Structure formats: C-alpha cells, structure tokens
Amino acid sequence: MSWSERINKELSIRLSMDALRQRPIIEYNTTRWLISKGRKYLNFSSNDYLGLSQNPMIIEHWQQGAELGAGTGASVQVIGYRLQQFQLEQDLAKWLDYPCALLFNSGFIANQACIYLLARKRDRIIADKLCHASLIEAASYSPAKLYRFNHNRLDSLVSHLNKPCLGNTLVATEGIFSMDGDQSPLIDIAYQTHCQNSWLLVDDAHGIGVIGEGGKGSCWQHKVKPNILIVTFGKAFGVSGAAVLCNEATAEYFNQFSRHLIYSTAMPPAQVAALQAALRKIQEGDGLRKKLKQHIAHFRAGAKSLPWLLKQSTSAIQPLVVGKNSLALYLAYRLRLAGFWITAIRPPTVPVGTSRLRITLTAAHELEDIDRLLEALHEVASK
C-alpha cells in the first residue's frame, strides 16, 4: 500500500465512524465569547478557567517582555537563559515548595520529556487508563513496560505494584482528568506508591491555579508531594508552556540528559513576562476561584435532570456523556445553531461508546450564560 493509499484509507475510516476532527477558523475569541464566520457564540470549550488570557496586566507584561526580543535564539544550554526565566523558575519552585522548577514549551513536551528521560529497559510505568495521550504515548514508545490501571481504582494499581519488577517503577496519574473532570485519589495513590519504593508523577494541568490554597493545585490540596509534578500554563494561567517540579538532582539530570529540554529553543521573554504576571494573578485569585465554584454548582444543579450521564465532577470540566459519535455530533451541531460553542469529544480521545459534550466553565462566564446554556440543553433534549 502506498503512502497516499494508506493516508486516504485512514481518513475514510475516520470519516465513516463520525470521528473526523475539524479545525474551524476563528475570527476572534475571548474566554467567554467566540466569533466564527461572522457569528458570535458563547464559548464553553475554553480551558482558560480563570479568564486570565484576557487580563490587561498579563497582556501588558507580554508586550513589555516582547521589547526584549521576539525569540531567544537557542536552547538555554547553548545561549544561557535570561534572568527573568531564572526568576520565574525560582518563583514557581518556592510557590509549590519544590527545590527546583524547569520550564518547558508545552505540557505535552514536559510529559514526554519526563517519561523518555526516566524509563529504562527493565523499568515499568503504571499509569491510570485515562492519563493524557502525551504520557501514554511516551510510555508506549519507551523501553520500559507500560501497565495501565483501571481509572482511579486503587485495587487495580496495587495489583500491578505487587507484581515483581526488575527495575524501577514510576506511577503516573493526573490531578484532574481532562475528559472526565474527576480528581485522582492522590493520597491513597501516593501512599501505595511510597510503600513500594516507587516514584509518583502527577500531571496537574487542570488543577493548578484552580483548586487548593492559593490555586496551588491538586497535590497541595491533598498534602501530597509527588517526585515529579508537572504544571501547565495553557489553562488557568491563560498563557502557554509548562514546568516540571522536582528535586535538585533530578533537575540537573534533566539539564544533562533531557533531549526535549536540550534541543528546544528556550521560552521567549514575552511569554516568561506574561507568566510572571499570571502567577501573581493566580496567587491573588481567590475571588475568581470562588466565582468559578459557584458556576460549577449552578450548572450541575440545572443539568442533573438531563437525559445524559453527567459525570461526577466538581471541577470546571463538566462532561455530558451521550454515547454514540453521531449523537454527540448532532447535539453539538444543534447547540451551535443556538449560539453555543461546545465540541463533541469522540474516540480515540475517549473510550468507544462514551462520546460526550465536554462543557468547560470559567470565571469569565456570568450566571446568565449558564442559564442560557441549560435552557438550550433541555430544549435539545426534549426533541
């Protein structure tokens, strides 16, 4: 089969399964609103949970940072790194009570870097079945063996941990799961992992900034300190990028051996400046977090009588599981006609038979926005 035949075949299969992804063109968007093809929609698909992407102070800092140059020109191992980047890493480490923080250009890269750097042939990685694709893909291609425990099931994790391993074990999970919105039982997972002298990696992309004292995230909330903590800046921070939190020796190991770090151009100064401002806003953001919490409670109270499965989520991610791909697409289409931007999430992003509307709430919404959405959902459900 030629390259073209293979490509066309795969695309045809995906189309036949109602699973073809699209990239709609957006003329303008904020956290709350979005304009596409000249029409304005209420946006319920953004991970900008606190609405900080539109914060004037953060934008101003981005503009000021850009005056230092649009780019950095090389990786930090080649050209060194700026005082602002050093200071941001120091601030993140102090805020989350870790010896070191290392900046990466995205959460996907940070996750892959950790797995590729740590895993060796005789090691094993035990990951929650709903861990992000970046973790699972890296583990699949690593020389270590990958085992996946049933989602949030401690007994499943323990059964894997109790089996012999010739090398080291890394347990991987998330603080809040991106497609279900539920939280990991971090206290129990950390305890079982520690009992087996294994390491724990937690990706808290959807928890950092949103929950925990001062927005310190899932691990801080549960008084858990994983060996590797990954936080990302494309969600509650409202910018982009990521950081790995770890001890000094592990940080130095990254500096010496992590290809993802060594061979990537460093984060541009505008982004660093914006992240410094975003960190301050998050630390002062109790009012935004309180507002978001009210929105979550308001939505769940109004959505519980809908005919679809509302997942047990207290986070900003509120999935309505409808089952078939075609139904998820149809509902998203009907909501789009009613002026709401909500995406149908389908396999392989979620398991087969669990296609859903992934509704994300933010502090930038108003209660009237959520009332309008609930009214539209009930209207669509009645047809």
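**Entry 1. Strand 4**

I began with strand 4 (residues 100-104), where five of the five residues are buried, so this strand is largely enclosed by the rest of the structure. I note here that the model is a predicted one. I then looked up the directions of the side chains. In a regular strand, side chains alternate between the two faces of the sheet. In strand 4, I found Cys100, Leu102 and Phe104 pointing one way, with Ala101 and Leu103 pointing the other way. Both sets are buried.

Next I looked for a pairing partner. Strand 10 (residues 242-246) pairs with strand 4 in the antiparallel sense, over five bridges. I traced leucine 103 to its bridge partner in strand 10, alanine 243.

**Entry 2. Nonpolar cores**

I turned to the largest nonpolar core and recorded 74 residues in it. Those with the most contacts inside this core are Phe44, Leu92, Phe237, Leu292, Phe299, Ile359 and Leu377. Helix 12 (residues 269-283) gives the most to the core, with seven residues. Apart from it lies another core, of 28 residues, and I listed Ala110, Leu117, Leu201 and Val244 among them.

I then followed phenylalanine 44, leaving aside its neighbours within four places in sequence. Its contacts include Phe340, Trp341 and Ile342, and also Arg358, Ile359, Thr360 and Leu361.

**Entry 3. Aromatic pairs**

I counted seven aromatic pairs. Tyrosine 41 and tryptophan 341 form an edge-to-face pair, at 5.2 Å centre to centre and with 70 degrees between the planes. This pair links distant parts of the chain: tyrosine 41 lies in strand 3 (residues 39-43) and tryptophan 341 in strand 13 (residues 340-341), 300 residues apart. I checked burial, and both tyrosine 41 and tryptophan 341 are buried.

I also looked up tyrosine 81 and phenylalanine 86, which form an edge-to-face pair at 6.4 Å centre to centre, with 75 degrees between the planes. Tyrosine 81 has 39% relative accessibility and therefore counts as partly exposed. Phenylalanine 86 has 35% and therefore also counts as partly exposed.

I recorded one cluster, in which ring pairs link Trp95, Phe233 and Phe237. Phe237 is also among the residues with the most contacts inside the largest nonpolar core.

**Entry 4. Charges over rings**

I finished with charged side chains. The charged end of arginine 336 sits over the ring of tyrosine 41, 5.9 Å from the ring centre. That tyrosine also pairs with tryptophan 341. For lysine 216, I found the charged end over the ring of tryptophan 220, 3.9 Å from its centre.

Key:
Residues are numbered from 1 along each chain as its sequence is written. This is a predicted model: local features need pLDDT of at least 70, side-chain atom pairs count only at pLDDT 80 or more; totals for chains, interfaces and linings use all residues. Side-chain values use heavy atoms; hydrogens and water are left out. A nonpolar core is a set of buried Ala, Val, Leu, Ile, Met, Phe, Trp, Tyr and Cys residues joined through side-chain atoms within 4.5 Å. Buried means under 20% relative accessible area, exposed over 50%, partly exposed in between (1.4 Å probe, protein chains only). Helices (H or I, at least four residues) and strands (E, at least two) are DSSP runs, numbered from the N terminus. Contact means heavy atoms within 4.5 Å. Two strands pair if DSSP finds at least two bridges between them. Rings of Phe, Tyr and Trp (its six-membered ring) pair if their centres lie within 6.5 Å; planes under 30 degrees apart count as stacked, over 60 as edge-to-face and the rest as tilted. A charge sits over a ring if NZ of Lys or CZ of Arg is within 6 Å of the ring centre and within 35 degrees of the ring normal.
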